[in-house]
Amino acid sequence: MFRVGSSIADIVGIPRDNCYNGCMITTLTGENSFSLQQVLRDRVASFVTEYGDMALERIDGQDVEPARLQEALQSAPFLSSKKLVILREPSKQKHYVDEAEQILGDVSESTDVIVVEPKLDKRLSYYKYLKSQTDFQQFPELDSNALARWLVASAKTAGGSLSQSDATYLVERVGLNQQLLSQEIEKLTLYDPKITRDTIDLLVDATPQSTIFQLVEAAFSGNTKRALDLYDEQRAMKVEPPQIVALLAWQLHILAIIKTAGDRSADIVAQEAKLNPYVVRKSQSIARQISLGQLKRLVSDLLAIDVASKNSALNADDALKHYLLQLAAQSA
């Protein structure tokens, strides 16, 4: 653990214990808002238990004036031996980014700081400073396998049980939103501690975005019946044709990115296109089955359906089903 600012312990290289009270400044970053907020809540609760609510100060870094920020970080705590400042997204202010090293370097010895930056530009010196000079904790989005393992552990913690295969099924049904998955686990264990696929089907609604990929995958695999069944499932969940067109367009957009990415890895493609690596890896198998020319025609045909459905009496359901049949026929 590294305390910002020089000290004898830092200079001679004496290691610090990995404990919260020994950390002056902590950085929490990453797109996994569920895990990030959970750690933040735990840190705040621990601090407040020891020092009280009066020792906690929350600051929105986007709106705070520089003088107000300086006062919060440098002033002595009130009626307490320590103070904790939660500084949320201060990088929204260019002034702060340019002078972050000086601002954070002048923090009072009696003040702990947690800098919350969900998205950080790794090219900036600000990122490098936080990573090297603070307790830097990253919270990336979990892929489907990691989420399934987490669900198994969460069910156990809640006093229930869930098999790995059923956890994977739950992820496929709900999607990769960890907050939503947490809510579903809580609901399922309350209904029956032993979670099965039957109780998942009974209590958990399928998320439209999670089945659109299955629909596209079935069509590209030439599985006509499954593709049409999944389309009907979307409609049964009150997903309207314009929404299905938009979701199909997004999937085609992902395929186009993968097709034009050359031999780049899934992780690099995901990073450059700001996509979830899991989504890219899942879509790569489909991308390998189709040429760029075929993909262009699919985009053009889908656009024609979208335009015609808005400007004529076209039956969008029939048009989209025909579109899926054509897709399946060319992939068979």
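## The second largest pocket

By class, 4 nonpolar, 4 polar and 2 charged residues line the second largest pocket. In this classification Ala, Val, Leu, Ile, Met, Phe, Trp, Tyr, Cys and Pro are nonpolar, Asp, Glu, Lys and Arg are charged, and the others, Gly among them, are polar. The structure is a predicted model, in which local features need pLDDT of at least 70 and side-chain atom pairs count only at pLDDT 80 or more, whereas totals for chains, interfaces and linings use all residues. Residues are numbered from 1 along each chain as its sequence is written, and side-chain values use heavy atoms, with hydrogens and water left out.

The lining consists of P66, L69, Q70, L73, Q74, H95, E99, Q102, I103 and D106. Two elements, α3 (66-74) and α4 (94-105), each give two or more residues to it, and α3 gives the most, with 5 residues. The volume of this pocket is about 160 Å³. A pocket is an open set of points on a 1 Å grid over the protein atoms alone, where a 1.4 Å probe fits and protein lies on both sides within 12 Å along at least five of seven lines; lining residues have an atom within 4 Å of a point. Grid points are joined across faces, edges and corners, and the volume is the space filled by probe spheres set on the points.

## The parallel sheet

An open sheet of 5 strands has the order β2-β3-β4-β1-β5, with parallel pairing. The edges are taken by β2 (56-60) and β5 (135-138); each has a single partner strand, so one side of each lacks a neighbour in the sheet. On average, neighbouring strands are turned by 15° against each other, direction ignored. Axes are lines fitted to C-alpha atoms, and angles run from 0 to 180 degrees between N-to-C directions. Strands (E, at least two residues) and helices (H or I, at least four) are DSSP runs numbered from the N terminus, and two strands pair if DSSP finds at least two bridges between them.

Next, β3 and β4 pair over 6 bridges, and L84 stands opposite D112 in β4. Another 5 bridges join β1 to β4 (residues 111-117); in β4, V115 is the bridge partner of T27 and E117 that of T29. Finally, β1 and β5 pair over 4 bridges, where L28 stands opposite Q137.

Buried means under 20% relative accessible area, exposed over 50%, and partly exposed in between, with a 1.4 Å probe and protein chains only. Residues I25, T27 and T29 cover one side of β1, and T26 and L28 the other.

Strand β4 is likewise mostly covered, with 7 of its 7 residues buried. T111, V113, V115 and E117 point one way from β4, while D112, I114 and V116 point the other way.

## Nonpolar cores

The largest nonpolar core has 38 residues, of which F220 and L320 touch the most other members. At least two residues each come from α10 (208-220), α11 (224-236), α12 (241-259), α13 (266-273), α14 (277-287), α15 (292-311) and α16 (316-331). The largest share, 9 residues, is that of α12. A second, separate core of 23 residues includes V64, L69, Y96 and V113. Such a core is a set of buried Ala, Val, Leu, Ile, Met, Phe, Trp, Tyr and Cys residues joined through side-chain atoms within 4.5 Å.
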